[in-house]
Each structure stands twice: as C-alpha cells, then as structure tokens.
Amino acid sequence: METRKLQEVGGGTFTVSIPKGWAKSHGFEVGMELRLYTHRDGSILVRSSAADADRLGEATIDIGDDADTDAGGGPEAVRRAVRTAHAVGFETITLRRAEAFSDAERSAARSAVRGLVGTNVLSESDSEITIRHLLDTASVSVRQSVVQLRYAVVSLLRDATEAFVDAADARSRIRDRADEARRSAEMVTRHFSRSLVSHAELDALGVSRPDLFAYYAAARRLEAVADQAVRIAGIGEKLSGPLADEAAADVRPVADDVALAVDDAVTAVLDGDGAASRRARERCDDAAAGIESIDGRLYGGAVPGPVSAAVALSDALARLERAADCARSVTETAAAAAIRDENTRN
C-alpha cells in the first residue's frame, strides 16, 4: 500500500498524485478521461472510461450437443446454465447452440425462469433463448428478504414435523413452500454475487458488504433447513400410520428446539442480538441432547412401535440434527459479525 497527501491547487481543486508505474500497469495515460465513483462505505473508485462498462450486463452461454458431458446439452444443462448465470448476477442471459433447441430444452429454460424472482424470457429463436432480469436492485431489501425467509423456514420445519408425526401425505405441499423459500435465498445469493464485482450494487441495496455477507450466509443456511424439512415430510409419507403417542411426544420438543434455534440465530444476524445468539446455541444443545436420548432408547428397543417406525424416527431425527447444525452455523456468522463490529468501530 502507498499513501498520498491530498493537495489543493488553484480554484479550490484538490488533487492526489498517482504512482506512474501503477498508472501504466492499469492502462492509464496522460490526458485520459477518468471517472470517479463515490460509495456509501467512503471509498472512491477510479476507472477509465474504457473500463466503465457494466461487467454484469450480459452473458452468452453456448449449450453443447452432447447431453452426457457437463458442457453438453439437454434440459438439465439448460436449467443449470440459467440458474448459475442468474446467481452470478447477469442482467441478460443468452443461451445459444449450433442446432435448434429441442422442445424439452425450451421447456426447461422456461421452468428455470419461473423458479427465479423477477426474471422473464425476453425472446426466443431456433438457436437462441434470451432471458432478462427485470427487478430493479433499488427496490430490493435483502434484509427484509431474510426476515421473510426466516418466518417461512421456521414454519416449514414445524409443519414438516407434524406431517411426519401424523404420517400425512404432505411432501408435495411442503416442497412447493420450500421452493418459494429457495427462490428468496437465491435472490439474496444473486445480489451478494453482484456486490463482489460492483460497488454500485451495494449502494443500490443500501447495505455494507459485511452485512450483505452475513445475510447471504444466513440465507444459504435457511435454504438448507428448508431442504431438511422437505426430507422430514417425505419420511412421514412412508410410514404406515401415525407415530405412537410416546414417540410423537419425544420428537415434537426436539423439533421445536430446532425451529426456535433457527429463529433466534437469524435474529442474532439481523439485529446483532447477543442474547438471541446465546438462546440459539442453548436450544441447539437441548435439541442435540434430546436426539441423543431418543436414539439411545431407539437402539435399546425402548420406543414403542414397529421397526419401520423406529427407522423412520431415527432418519427424521438425523434431519433435525442437520437443521440444528445450520442454526449453529448462523450463530457463528452472528458471533463473527459481533466481534468485527466491536473491534472496528471508530
């Protein structure tokens, strides 16, 4: 790092000298027009006009013809290309291939677009499909998205547990709600990815980079909890009947501890609430102790019901344990943010 003094020249203009070697290595020349961008975090970005273009404006992805390779064609390759380019943060995505897209590939592209927030198919031809993200960043609240995602996922986890206990046919309904949660999480991921390239993204979102990272980390963990909820509901569908009352009475408190831990952990990230973080860790510990106790009785044959129900209960508990691990991960994010904030305040 080099330092330079701010100097005043005639007319009240301030100047800062730029090291000649640095200027040359970045393609700056005498007389070149430079553009200065100021940002909310106090930084000033210097760019030449040639480097001013929005690097996340457009992406063109060639879809191959061989569906058996990672770079090949087929509906899954199309779906993956759309979701990946969207997550990176491109505004316009053009899928292109030498031959005409098949009906299945076009259907996959439309399906992928429907699964993304604020995105539409702009145009189609035989060999090109163009997709455009239409949502203005300035209208997005990443924080509010995480708040809503938290409520959705906590509710999902509780409903999935009840569906498991009752052996209800609820996986499809739970999966649809989990897909909604995934869309919200992917939107947060998109804006985080864009912020790695564009300072303007942070300005438009109105958040700092550390806060945005914390929101992103929490959203990814919430998405994982939603996936565990779908799996728990799926386990319940395979049961021949509801769990025995004693087994149901065992699993409900564990699920409630995990749901509350998730809720508190995200509160700690959003509000810097140390008490919420401590509650989340305590509830994760309570859930772990409850799971260990039930597992011990399961393997000892002390839990009533058929063997198939015992196996299903063990599987569901493993899913709850993974959800609790996600809550722990979110509390670690909150703890790291608290330490950073405590030691970097002016």
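How many aromatic pairs does the count come to? I looked this up before anything else, bearing in mind that the model is predicted. The count comes to 4 aromatic pairs.

**Entry: aromatic rings**

I examined W22 and F28. Their ring centres are 5.5 Å apart and the planes stand at 90°, so I recorded this pair as edge-to-face. I then checked the accessibility of each partner. W22 has a relative accessibility of 36% and is therefore partly exposed. F28 has 13% and therefore counts as buried.

I turned to F192 and Y216. Here the ring centres lie 4.2 Å apart with the planes at 10°, so the pair is stacked. I noted that the pair links distant parts of the chain, 24 residues apart: F192 belongs to helix α5 (residues 171–195) and Y216 to helix α7 (residues 209–237). F192 is buried at 11% relative accessibility, and Y216 is buried as well, with a relative accessible area of 18%. I also found that ring pairs join F192, F213 and Y216 into a cluster.

**Entry: α8 against α9**

I next looked at how helix α8 (residues 245–271) packs on helix α9 (residues 274–299). The angle is about 155° and the axes are 8 Å apart. Since the angle is over 145 degrees, α8 is roughly antiparallel to α9. The crossing of α8 past α9 is left-handed. I listed the residues in contact: from α8 they include V251, V254, V258, A261 and A268, and from α9 they include S277, A280, C284, I291 and I294. By class, the residues of this contact divide into 13 nonpolar, 3 polar and 8 charged.

**Entry: α9 against α10**

I recorded a left-handed crossing here. Among the α9 residues in the contact are S277, A280, C284, I291 and Y299, which meet α10 residues including L313, L317, A324, R328 and T331. The contact of α9 with α10 divides into 13 nonpolar, 3 polar and 5 charged residues.

**Entry: α8 against α10**

Are α8 and α10 roughly parallel or roughly antiparallel? I found an angle of about 20° between them, with the axes 8 Å apart. That makes α8 roughly parallel to α10. Their crossing is left-handed. On the α8 side I noted A247, V251, V254, A265 and V269 among the contact residues, and on the α10 side L313, L317, A327, T333 and A334 among them. The classes come to 19 nonpolar, 2 polar and no charged residues.

I followed S277, which lies in helix α9. S277 has a relative accessible area of 6% and is therefore buried. Not counting residues up to four places away in sequence, S277 touches A268 and T331. A268 is one of the α8 residues in the contact with α9, and T331 is one of the α10 residues in the contact with α9.

I then looked at T333, found in helix α10 (residues 307–344). T333 is buried, at 16% relative accessibility. The C-alpha atoms of T333 and A214 are 6.3 Å apart, although 119 residues separate the two along the chain. Setting aside neighbours within four places in sequence, I listed A214, A217 and V269 as the contacts of T333. V269 is one of the α8 residues in the contact with α10.

Beyond its neighbours within four places in sequence, R150 is in contact with L222, D263, V266, T267 and L270.

**Entry: backbone of A167**

Most residues other than glycine have a negative phi. A167, which is not a glycine, has a positive phi of about 55°. I located A167 in the loop between α4 (142–166) and α5.

Definitions and conventions
Residues numbered from 1 in each chain as written. Predicted model: local features only at pLDDT ≥ 70, side-chain atom pairs only at ≥ 80, totals over all residues. Heavy atoms only, no water. Axes fitted to C-alpha atoms, helices over the stretch in contact; angles between N-to-C directions. Helix = DSSP H or I, 4+ residues; strand = E, 2+ residues; numbered from the N terminus. Parallel < 35°, antiparallel > 145°, perpendicular 65-115°, else oblique. Left-handed = near helix turned anticlockwise from the far one by under 90°. Contact = heavy atoms within 4.5 Å. Nonpolar A, V, L, I, M, F, W, Y, C, P; charged D, E, K, R; others polar. Phe/Tyr/Trp six-rings, centres within 6.5 Å; stacked < 30°, edge-to-face > 60°. Buried < 20%, exposed > 50% of the residue type's maximum accessible area, 1.4 Å probe, protein only.
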